[in-house]
Amino acid sequence: MTQTTMPSQANSALSSVESDLLYEVVDGHIVEKVPMGAYEILVGSFLNTCLDGFARASNCGRAVSEMLFDFGAGLSQRRPDVAYVSYDRWPRQRRVPRTQAWTVVPELAVEVISPSNAFEEVLGKVHEYFQAGVQHVWVIAPPQPQVYVYQSPSHIRVLNVQDELTGDPFLPGFRLKLSELFDVEATEA
């Protein structure tokens, strides 16, 4: 990640930054988010489509990709690769704001590890998500292929390609075979 500016300059700096630049705000500084690889984008997009389709069909929430979340004063603004927000946390009839960041804490934050990610960076985000009130964090590691399911910073389950991701307790009934998630290039081609 590349540091761009100080917080007092953040609003004016954003107007001069390319509109397609993905960034986060960490310790009051705008930090450019390094783009994911093509395969990692495909995995994240597939997961977002599955989560959002299930959530909307169940009328319980929505999934988003690359949304900037404002976790509140003193906390970073983070942009998980995929996130799920229930209608309990943000009611369906309440319009999502037309601002840079959405001021809600999702139940689920997902990070898809890309070749540009450092282990320390991803682990730091996991801890920040829990500090902000996120209930679960999934870290998807395509090269392995594995998913690290965090129920807390110290309670982790490692799922392999023969396993299944489940949305319990935040998205009851959601199930996705990891063989489908990691074989997206075959199913999407």
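I began with β8 (residues 108-112) and β9 (residues 136-141), which pair in the parallel sense over five bridges. For V112, I found the bridge partner I140 in β9. My terms: strands (E, at least two residues) and helices (H or I, at least four) are DSSP runs, numbered from the N terminus, and two strands pair if DSSP finds at least two bridges between them.

A note on the source: this is a predicted model, where local features need pLDDT of at least 70, side-chain atom pairs count only at pLDDT 80 or more, and totals for chains, interfaces and linings use all residues. Residues are numbered from 1 along each chain as its sequence is written, and side-chain values use heavy atoms, leaving out hydrogens and water.

Next I looked up the whole sheet: it is open, has six strands in the order β4-β7-β8-β9-β10-β11, and its pairing is mixed. β4 (61-65) and β11 (155-160) stand at the edges with a single partner strand each, so one side of each has no neighbour in the sheet. The twist averages 15 degrees from one strand to the next; axes are lines fitted to C-alpha atoms, for helices over the stretch in contact, and angles run from 0 to 180 degrees between N-to-C directions.

Then I followed the hairpins. β9 and β10 pair in the antiparallel sense over five bridges, with four residues between them in the hairpin. β10 and β11 also run antiparallel, joined by six bridges, and their hairpin passes through two residues.

Last, I checked a helix: α3 (residues 119-132) lies across β8, β9 and β10 (146-152), at about 165 degrees to β9; contact means heavy atoms within 4.5 Å.
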